[in-house]
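Subject: Structure for you to look through

Dear colleague,

Please find below the structure I promised to pass on, and keep it open while you read the notes that follow it.

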Amino acid sequence: MIGTLDLVLSSCSPTRQGPAHPCRLLANDGAGGAGLSEHLSRHGPNPLSRGRPSWREETIREVERSGLLGHGGAAFPTATKLQAVNSKLHRAVVIANGTEGEPASEKDRTLLARAPHLVLDGASIAAEVVRASEIVVVVHRDVRTVVDAAIGERRRAGVDRVPFRAVTAADRFVGGEASAVVNWVDRALPVPLGKSPRMSERGLGGQPTLVQNVETLAHLALIARHGATWYRRLGTSEEPGSILVTLLGALEQPGVREVEIGIPVADVLARAGGPTAPLRAILVGGYFGSWLPVFPTLSLPFSARGLGVGLGAGLVVALPADVCGVAQTARLARYLASESAGQCGPCAFGLPAIAGEMEKLADGRSMGIENLKRWLVEIEGRGACGHPDGAARLISSALRVFSAEVAQHLGGWCTAEIERTLLPIPRGALR
Amino acid sequence: MRNRARIRIDRIACDGRGFCAEFLPELITLDDWGFPIISAGVIPENLLALAHDVVEVCPKAALWLEAVSSDGDGRDR
């Protein structure tokens with residue numbers, strides 16, 4: 001653990017709003033360049049094993065002590081995943097997952113564009129921990145060039161023991177699910193595999209595979225440098241550290257920010273300049289996330305524990321009071337239905353039916369939501385991946401939070417302006 | 001405890017033929033599209049033989065029985 005902490009913090013700039021915000025991952029504000037030499041002068045060298053036999057156990061223990069959770073959506077403990085990769089019989093593979101299939105999320109892309117070497121450092125450390133023979137970096141096409149350049153620089157400088165390979169991600173919502181990423185890299189099929197065998201036993205090409213979100217790997221690179229105690233200086237005891245969020249909706253300066261986990265939700269919105277209009281609700285997590293009522297959510301801690309819902313991939317959407325949450329959710333429901341891989345009946349048939357009921361409700365043509373409510377409960381847990389569960393979670397939260405609007409819609413009217421679309425959906429996704 | 005098992009399903013393999021629900025309506029019902037909804041948890045002793053038959057009869061071989069340890073809660077469906 002070398003003393004580059006001051007260097008990391010001193011390169012952070014205060015926000016326009018005043019208080020300094022954490023910029024562990026986004027220390028490079030864009031002006032410094034994203035090259036290897038800039039990276040090394042900002043963060044210092046990557047602390048790899050260099051043949052020390054106890055390094056592997058020490059690193060896993062430090063990650064465990066840090067409490068690092070996955071930042072791809074599922075918030076699974078990273079140390080547990082590192083420990084689980086079984087490289088006894090076959091050499092393992094590490095996949096740095098920057099697929100970012102969530103259409104509104106931009107944090108993984110932003111991170112890769114601004115600090116590609118931090119992500120690659122983390123992947124390199126993870127690869128040494130799980131004794132991998134290869135690292136596959138799966139990235140959104142927007143940042144493929146940056147990542148290719150970064151990999152080339154590292155190869156020439158000879159900083160890594162395990163070689164990198166970049167793959168452009170599939171442009172699908174379910175394409176980011178861990179087994180779908182493996183399937184994509186292996187067979188060019190961006191659809192999830194069944195639940196067994198475990199990827200930690202048999203994943204990419206039959207090799208034990210560690211799939212880790214790119215932001216998680218960047219945090220890992222910093223924990224390896226500065227230690228768990230440093231990492232835990234931000235965040236809460238259960239959810240330590242900082243998180244990259246994509247802020248969207250009725251906000252002054254929407255975009256990607258790094259925030260400490262546990263600050264009030266109002267302060268998270270303030271990092272994007274604050275609301276531009278009275279708000280009705282806040283979507284937390286992503287299109288798999290949950291709508292929350294604006295009160296008391298604004299004063300609650302921005303953490304899974306504080307909000308009672310997962311932070312998912314870090315999407316935060318501020319829904320203004322004049323936009324209809326029912327109509328917005330109906331559109332997302334149709335999108336999520338169209339993004340079903342079509343492999344499992346409850347998802348392939350259930351989601352389109354649910355989307356149809358949501359559209360009828362949004363249009364004021366619904367004769368009742370009994371079937372809708374029953375289907376939302378019935379499809380839960382009945383897919384090979386979490387796609388139906390995520391969609392059900394979002395839509396159920398909408399029925400709860402927008403219950404007054406739902407009642408209005410059932411009566412055939414809506415007080416909100418329903419035309420405006422707030423939540424981006426990839427072009428061509430809704431045919 | 002002996003013979004503690006639960007029914008597991010490969011959702012990708014399942015085609016919604018519905019034989020399982022016909023054989024074992026006590027534990028398996030069908031949703032509005034004909035896909036099985038399997039009750040979570042341990043199979044009652046008196047239905048175990050039938051559950052074995054259901055696994056055999058599935059034309060897609062999508063079902064299997066999984067042993068449940070004494071602290072198993074059958075949380076997956």
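In chain B, 63% of the contacts between residues at least 6 apart in sequence join residues at least 24 apart. Please bear in mind, as you read this and everything below, that the model is a predicted one. Chain B has two helices and four strands, and from the N terminus on these elements follow one another as β-α-β-β-α-β. Of the 77 residues in chain B, 26% are buried.

Turning to chain A, the domain assignment divides it into domain 1 (22-231), domain 2 (242-320) and domain 3 (325-410). The C-alpha centres of domain 2 of chain A and domain 3 of chain A are 22 Å apart, and 10 residues of domain 2 are in contact with 10 residues of domain 3. On the side of domain 2 of chain A that touches domain 3, the elements that give two or more residues are β7 (279-285) and β8 (290-293) of chain A, and it is β8(A) that gives the most, with four residues. Sorted by class, the residues on that side of domain 2 of chain A are seven nonpolar, two polar and one charged.

Chain A also holds an open sheet, in which four strands are arranged in the order β3-β2-β1-β4 with parallel pairing. Why do β3 and β4 of chain A each have one side without a neighbour in the sheet? Both β3 (164-168) and β4 (209-213) of chain A stand at the edges and have a single partner strand each, so one side of each is left without a neighbour there. From one strand to the next, the twist averages 20°. Further in, β1 (residues 92-98) and β2 (residues 132-139) of chain A pair in the parallel sense over seven bridges, and Ala92(A) is found opposite Ala132(A) in β2(A). Helix α9 (residues 214-226) of chain A packs on this sheet, where it touches β1 and β4 of chain A, and its direction makes about 90° with that of β4(A).

The next point concerns the nonpolar residues. In soluble globular proteins, nonpolar side chains tend to be buried together. Here the largest nonpolar core has 136 residues, and those with the most contacts inside it are Val94(A), Ile95(A), Val119(A), Ala126(A) and Ile282(A). If its neighbours within four places in sequence are left aside, Ala126(A) is in contact with Leu82(A), Val94(A), Leu210(A), Gln212(A), Leu217(A) and Leu220(A). Another core, of 15 residues, lies apart from the largest one, and among its members are Ile28(B), Ile43(B), Val54(B) and Cys58(B).

One residue that you might look up for yourself is Leu376(A), which has its place in helix α16 (residues 370-378) of chain A. Is Leu376(A) buried or exposed? With 21 other C-beta atoms within 10 Å, Leu376(A) is buried, since the cut-off for that is 20 or more. Not counting residues up to four places away in sequence, Leu376(A) touches Ile354(A), Ala392(A), Ile395(A) and Ser396(A).

Finally, where the two chains meet, 12 residues of chain A are in contact with 10 residues of chain B. Helix α15 (residues 345-362) of chain A gives the most to the side of chain A that touches chain B, with four residues, and by class that side of chain A has four nonpolar, six polar and two charged residues.

With best wishes

Definitions and conventions:
Residues are numbered from 1 along each chain as its sequence is written. Chains are lettered from A and ligands numbered from 1 in the order in which they are written. This is a predicted model: local features need pLDDT of at least 70, side-chain atom pairs count only at pLDDT 80 or more; totals for chains, interfaces and linings use all residues. A residue is buried if 20 or more other C-beta atoms lie within 10 Å of its own, exposed if 12 or fewer, and partly exposed in between; C-beta atoms are placed from the backbone. Two residues are in contact if their C-beta atoms, placed from the backbone, lie within 7 Å. Two strands pair if DSSP finds at least two bridges between them. Axes are lines fitted to C-alpha atoms, for helices over the stretch in contact, and angles run from 0 to 180 degrees between N-to-C directions. A nonpolar core is a set of buried Ala, Val, Leu, Ile, Met, Phe, Trp, Tyr and Cys residues joined through C-beta atoms within 7 Å. Ala, Val, Leu, Ile, Met, Phe, Trp, Tyr, Cys and Pro count as nonpolar, Asp, Glu, Lys and Arg as charged, and the others, Gly among them, as polar. Domain bounds come from an automatic or database domain assignment.
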